[in-house]
Amino acid sequence: MTSRAGPRAAGTDGSDFKPREKVASHYQMSASSKSEIKKLTVVHFFIWILVAAQVAVSHLNLVSHDLVAMPYQWEYPYLLSLLPSFIGALAMPKSNISYLVISMISAGLFSVAPLIFGAMEMFPLAQQLYRHGKAYRFIFGFSAVSVMYLLMVIAIQVHAWQIYYSKKLLDAWFNSTQEKKKK
């Protein structure tokens, strides 16, 4: 360490910087959680594109209903699931706790709730397919129930991990603000 006035301070050879070069744990947690949330948001966006494409293609009659089935009722509210991801993205740059809380609550309402409703809506059709081998809706030749359940399994995992990492991020930000208030 050198001073402005001259040579290095007495008692040091300059190699004592390593113990002082540590990033606080809440900053590390914040950075890693933000990174994971961004990755999950990209995956969520691809899932959303698939659902939106099915809704648009079926309503605009771009292809036959034999090729792409009419959407299930849960798919319409699920289209709002992009809103929590957008609010969460707004929370990231300035570590805005209130936006992150709104994002977490709306993720439950607009992302997870429609998926749970969809699982219940499609359960009788899945049961019929399993027991009797009969499907009445198809997406490119595959049973629509099977395709949508596969999509739902992936989506519920993505949203659960998003909420989990958002909670970790919220804890890191909250601890950071509490430490600043103590000083």
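Helix H1 covers residues 25–59, and its 35 residues should span 51 Å at 1.5 Å a residue; the end C-alpha atoms are 50 Å apart, which agrees. The expected span of a helix is taken as 1.5 Å times one less than its number of residues. Helices (H or I, at least four residues) and strands (E, at least two) are DSSP runs, numbered from the N terminus. The model is a predicted one, in which local features need pLDDT of at least 70 and side-chain atom pairs count only at pLDDT 80 or more, whereas totals for chains, interfaces and linings use all residues. Residues are numbered from 1 along each chain as its sequence is written, and side-chain values use heavy atoms, with hydrogens and water left out.

The predictor's confidence in each residue is expressed as pLDDT, from 0 to 100. The protein chain has a mean pLDDT of 86, and 83% of its residues reach 70 or more. Where pLDDT is low, the predicted coordinates should not be read in detail.

A search of the whole structure finds two salt bridges, a salt bridge being a side-chain nitrogen of Lys or Arg within 4 Å of a carboxyl oxygen of Asp or Glu. Side chains of opposite charge can pair when their charged atoms come close. In helix H1, lysine 39 and glutamate 36 are three residues apart and therefore separated by about one helical turn. The closest N and O atoms of this pair are 3.6 Å apart. Glutamate 36 counts as partly exposed, at 27% relative accessibility; buried means under 20% relative accessible area, exposed over 50%, and partly exposed in between (1.4 Å probe, protein chains only). Lysine 167 and aspartate 171 form a salt bridge with an N to O distance of 2.8 Å. Both lie in helix H5 (residues 144–182), four residues apart, about one turn of the helix. Lysine 167 is partly exposed at 41%, as is aspartate 171 at 33%.

A nonpolar patch on the surface is formed by Leu83, Phe86, Leu90, Tyr99 and Ile102, with about 470 Å² of accessible area together. The elements giving two or more residues to this patch are helix H3 (82–91) and helix H4 (97–132), and H3 gives the most, with three residues. Patches are made of residues with over 30% relative accessible area and no salt bridge, like charges being joined within 9 Å and nonpolar side chains (Val, Leu, Ile, Met, Phe, Trp, Tyr) within 5 Å. Accessible areas come from the Shrake-Rupley method with a 1.4 Å probe; for residues, only the protein chains shown count as cover. Tyrosine 99, placed in helix H4, is partly exposed, with a relative accessible area of 36%.

Most residues other than glycine have a negative phi. Asparagine 61, in the loop between H1 and H2, instead has a positive phi near 55° and is exposed, with a relative accessible area of 52%. Phenylalanine 140 also has a positive phi, of about 50°. This phenylalanine lies in the loop between strand S3 (138–139) and strand S4 (142–143) and is exposed at 55%.

An unreviewed UniProt entry lists residues 42–64, 99–118 and 138–158 under "transmembrane region". UniProt positions are given in the numbering used here, feature names are shortened, and annotations may be inferred rather than shown by experiment. Residues 42–64 are 78% helix and 0% strand, with end C-alpha atoms 30 Å apart. Residues 138–158 are 71% helix and 19% strand, with end C-alpha atoms 25 Å apart.
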